[in-house]
Amino acid sequence: MALFPAFAGGAANKVEDSTKDLDWLSNKSFRTDDAFSLHLRTLEKKTTERPDQEHPSLGREASSEEEVEEERKKGEKDEEGDEPPKKKKKKKEKKRKKKKKHKKRSERSSDSSASDSDTIYPSDLKRDTDSPQAAPLASRFSWLDDLQSPTQQPFCVDPKPDASNWTYRSLYRGDVAMYRRKGSSSLGLDPRKQQVSWEDSEANKKKKATDKRRLERYFSSASRKMLRSEPAVPTLPTIPEGSDDVISPTSYLPLGGEVTGTMGARAEASRVNPLGVYDASTECWLQGKGQREQTDGQPQDTHKGGPLLAGRTEGFNRRLREQPTDTQLWIEFIQYQDEQSAAAFGAEGEGVEHHRASHRAVQEKKLSIAERALAANPSCVALQLERLNICQELWEPSALAKEWKKLVFLHPNSAPLWRRYLLFTQSHFSTFTVSKVNAAYGKCLSTLSAVQDGSMVSHPNLPGTEEGMLDIFTQQCHFLRQSGQSEKAIALFQALVDFTFYKPDSVQHLSTRQQVEFFETFWDSGEARVGEVGARGWKAWMLQQERGGWLQPDAEEDDEEEDDVEEVKDRSQPRWRIWLDVETSREAAHWLPWRPDKTKGQSVEDCEDPDRQVLFDDVGPSLIRLSSPDLRLRLLLSFLAFLGLPVDPVLSGAPCQPSLLLDDLSLLSQGNNDLQQPLTSHDLLNAGVHPVGHMTTLLGSRKWAGLGKQGEEFVANALYMLLPLVPARHRAALSLSWMRYEKLKVWRCVRGSSKKRLRSQGKGSKRVAKRLLKETDNRSSLALWREYAHLEWLLGNRDDARKVLSTAVAAAGGAPGAKAAPPPLADHPALCELCLLWAQLEVEAEEEEEEARRKGAEGGGRGAQREVTSSPAVRVLTSLAEGTAPSPASSQPLSPVSILKARRTYEQSLAAGLSALDQTLHNSRDEEKGLQEDVLGERLRLSGLVGCHALFQYLTVGIQAADGVYAEARERLEGLHGTLGYAKEAAATAAPGPAAVGEESSRTGAVAATATKWRLAHECEALALQQAALLRRHTVTSVFPLATLRRTLTSALSAWPGSAPLWSLYTQVENRYHSAGRARRFFHSVTRCSGSVVPRLFAIVAEQQRKRLVDAAQRPGSYGDTLPILPENGLSNRIRGLFESTIATETGAHCPLLWRMYMHFLVSEGSVDKARGMFYRALQNIPWAKGLYLDAVQLFPEHLQEFVDLMTEKELRLRLPLEELDILLED
């Protein structure tokens, strides 16, 4: 009998034999038909309760459970063959297996329909029918659309807790604070014994790694690679001028580009792409298909540089095959490799090692291209320089120095090549010493002198050699000044001035080398030199030697004996501070060469410091011959600028490498305190070069306003000695420079706080000014009278200054006085500039008086403004237009008719002046002689007339009228400057003539053309500065939008990016705003197109000023203070990036001011170790700058001995050895 009697019939068919021993299992009272009927009724009830089809999620659930079971079995098999894992992993695996087993058992027991052997008892059926059950909650999430009936439960139980719900009381993820912990400490723990581990688990780390690999941001390597591979976006075509068809086929930008061939036909006929604007991948996505696989016949464009770079490379190769002798094309192709490498290697890895490897690969590729170019052009110096520049990072220093010497030996007549070689020698730290570099300068100048004389017959004399020699000589003097050898630099200038202006007639026909041999006897004779008391010159000494020599004067007793001043004033200060103070004080006092005073019976042995004596071997090789009068004047102006006198930048000439000379921080801070004098504060500009004797630390201050007592006597003796030797037109320039120097010293004392020093300096400056004005040639010089009146105004003598100005206007020769025709104001630029200064001073004085009245009447309200007709400035400008001298004491108001006549006169004079200037520049061949004689450039100076007209319009009409005058004048002058540049270049390239006279005339014409272009550029910059100063003054005193001022500054700086005063105004204006995006974009656009280091320096200064404002805002003085600007982060990294990008340029790498600023910035940020590393990095580029060592002593005082030893090793001038310092401290 069967085990289950209900199914005995089915079992009987299979099993025929029945054992009689199992009869006790049979139930006699059980009926088979009743069991079958009960089973059928149960199945019918189940089918009625369930839907016709099973829930789709059940199938997925079952399949997933089967997959889990299979994976579990595979894992068990693998674990049997592998080594036993760690204990923690074993525990986790056992727990996971137990959970799976329990889950499987519960599922098997709960699923009644999964097995046919499950038994349903009648009591269970009765209980189900009697008590209805609620639908149980699901154990997992499911989509709402998957529910088949509304009676099903749409909720589920999530067993995973979320701590953020309790912490932040919100389910929104934006309310949850995401942060990363830094460090292993926590509040309340003992950091020495306890710590917290914030490391993620292995599972979270793997998850983050997979997420990082899956999500790629726009700045990632893959994204940049994809962007570079895309073709360039076509630009919108412009409508041609004169075309009436505005809506033409070429006046719009197509959406998807041109579609050709079968691809376009398929796209147009496609149902999902009716407009043909989707690409293939988008069309496949709309159809629900995957992306089409690329066939072998269609090669995939995976070129890293993109098709555009490949096209440019192909174009370069084709052009170089056709034109292998085009050296400029070769250089462009070499520079193009950097752009190509940025696209090729930029999308790869971002590691430092990869960057170095890619950079070296690019350098080697550029070197191979340069060698191919030299094979086709072996005599090209530019390609040789490019090759050596590339090899600087690939070759050893010894091999590189050998190649430089070889190149200079092959081309000894090239002054630009010598300049580059000297820069390499000067900045090569491993082989650098001051004596070696000074000897290299002497060899360079002696070689070029031999080429100039014709004694070196193997190489011809190239055009511009004499001018290049003077530039190299000036650079040598500044190199010696920056290395602390100021005595040798002064001696070089003394020797060359004597060699040039006091040369005897008997040696004029000799070569330069022979002349130098004769000059050696004069130098070693002990005779007084230029600037010293009793100096007569080389020529007078030679004549007297032929007659028997000088009579030695008797010893004179000096009443003023030098008092021994104690150098160490405060012994309580640290040792490094005492060393710095004594070193800088000796630098300021002992910059002149020491000479034995024969009147006192001194000899060479009496000198305490042998380095203060200058031998002939230090100056003899650097003596050159200057035959051009303009270059002789430039030599004198360079000498005066070296001593600290302000000179005309056009006449002195711009240095070839100005970044090497920048070491004065006041270049970047000029104009910061000019709100009291907004119109006249830009009259005295700073060149950014420390004068001799003023070498200090970066943030150090001047010891004196001038050069001290001995220095002032030296300057006066030199000028009195040189003024009679130069022509009258050159004498005016030297006298004007001397007068401005006296005014500059008074201006510095006014900015200071010592009234006693101001009083004494004022007396001395007035004495010098009156002595200059008494000279016959200077009595009618309006420029000198203008400077003297300004000097009196600065001293507070305003009435005396007005009298001086009125007398100068009345006594001006050729002052306009015609009544029938408008006065020719354009022919009197000095008179216009004098009246402009007078009017500007009156405007500033009137503003001060109004401010004083406002402060005095705070309770009574604002005082009444002065009428336009009674304004002193309007009276001065009106008198200039009428041709009369204004009376300082006159208070009678002007009539409106006179103001209208003056306005018309200014308009006509300005129009006539611009037309005359245009004719003068276009007829330059006829006017060449006149332009050469016009040293001060009076025929090209219109800034005074334009300034008078604009200021008159500002005072009588408004700021818009004045801005219009400046805009019109600037547009005309800048247009003339552009056309002049093209015309002069064409004239310079023309063949001069076969004779030597023709060659000399062509050189003179080229020098005159260069001076004319510089003068016109200087006028354009002066007009822009006047306009910006006037607009800034109006924005401060009145309500006026700054858009006009910003537009003026941006247009001017785009044209003249090297103007420091304009950049100073721009940074002051832009730093008043919360957002710096506009200024940063403008700085980036200018620095990208300009090779000057000045814009980059001001970009750094602007960010540093902004950082100071942000720091002040984040740390207010007291609680509740209003924040001046919004807080901002990341400025330190931005400033550091600007420093690094500037140092990477060729001009910035050798700028001493930049490196010193970088060191101070790092120390201010607290990165002392990085700052010290930056010092050693700076030594690799500017090892000659003594100021860098002084800054290092101030910033890292514990390494004083190391820095002093380094200065001694490199032969920099050390005035106080540490052994002497110890002796001074012991005393």
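Glu-1103 is buried, with a relative accessible area of 6%, where buried denotes under 20% relative accessible area, exposed over 50% and partly exposed the range in between (1.4 Å probe, protein chains only). The model is a predicted one, in which local features need pLDDT of at least 70 and side-chain atom pairs count only at pLDDT 80 or more, while totals for chains, interfaces and linings use all residues. Residues are numbered from 1 along each chain as its sequence is written, and side-chain values use heavy atoms, with hydrogens and water left out.

The side chain of Glu-1103 meets that of Arg-1080 in a salt bridge (2.8 Å, N to O), a term that requires a side-chain nitrogen of Lys or Arg within 4 Å of a carboxyl oxygen of Asp or Glu. This pair links distant parts of the chain, with Glu-1103 in helix H41 (residues 1094-1114) and Arg-1080 in helix H40 (residues 1077-1089), 23 residues apart; helices are DSSP runs of H or I with at least four residues, numbered from the N terminus.

In total, the structure holds 42 salt bridges. One of these joins the side chains of Arg-798 and Glu-848 at 2.9 Å, N to O, and it links distant parts of the chain, since Arg-798 is in helix H30 (residues 798-810) and Glu-848 in helix H31 (residues 829-856), 50 residues apart. Arg-798 counts as partly exposed because its relative accessibility is 26%, and Glu-848, at 36%, is likewise partly exposed. A further salt bridge is formed by the side chains of Glu-1140 and Arg-1177 (3.0 Å, N to O), which lie 37 residues apart in helices H42 (residues 1131-1143) and H45 (residues 1168-1179), respectively. Glu-1140 is partly exposed at 29% relative accessible area, as is Arg-1177 at 34%.

Helix H17 (residues 434-453) comprises 20 residues and reaches 29 Å from its first C-alpha to its last, close to the expected 28 Å, the expected span being 1.5 Å times one less than the number of residues. Of its 20 residues, 14 are buried, so H17 is largely enclosed by the rest of the structure. Just after H17, Gly-454 takes a positive phi of about 95°.

Leu-784, located in helix H29 (residues 782-794), counts as buried at 1% relative accessibility. Excluding residues up to four places away in sequence, Leu-784 touches Ser-735, Leu-736, Met-739, Leu-773 and Asn-778, contact being defined by heavy atoms within 4.5 Å. Leu-784 and Met-739 are 45 residues apart in sequence, whereas their C-alpha atoms are 6.9 Å apart in space.

Note on methods: Helix = DSSP H or I, 4+ residues; strand = E, 2+ residues; numbered from the N terminus.
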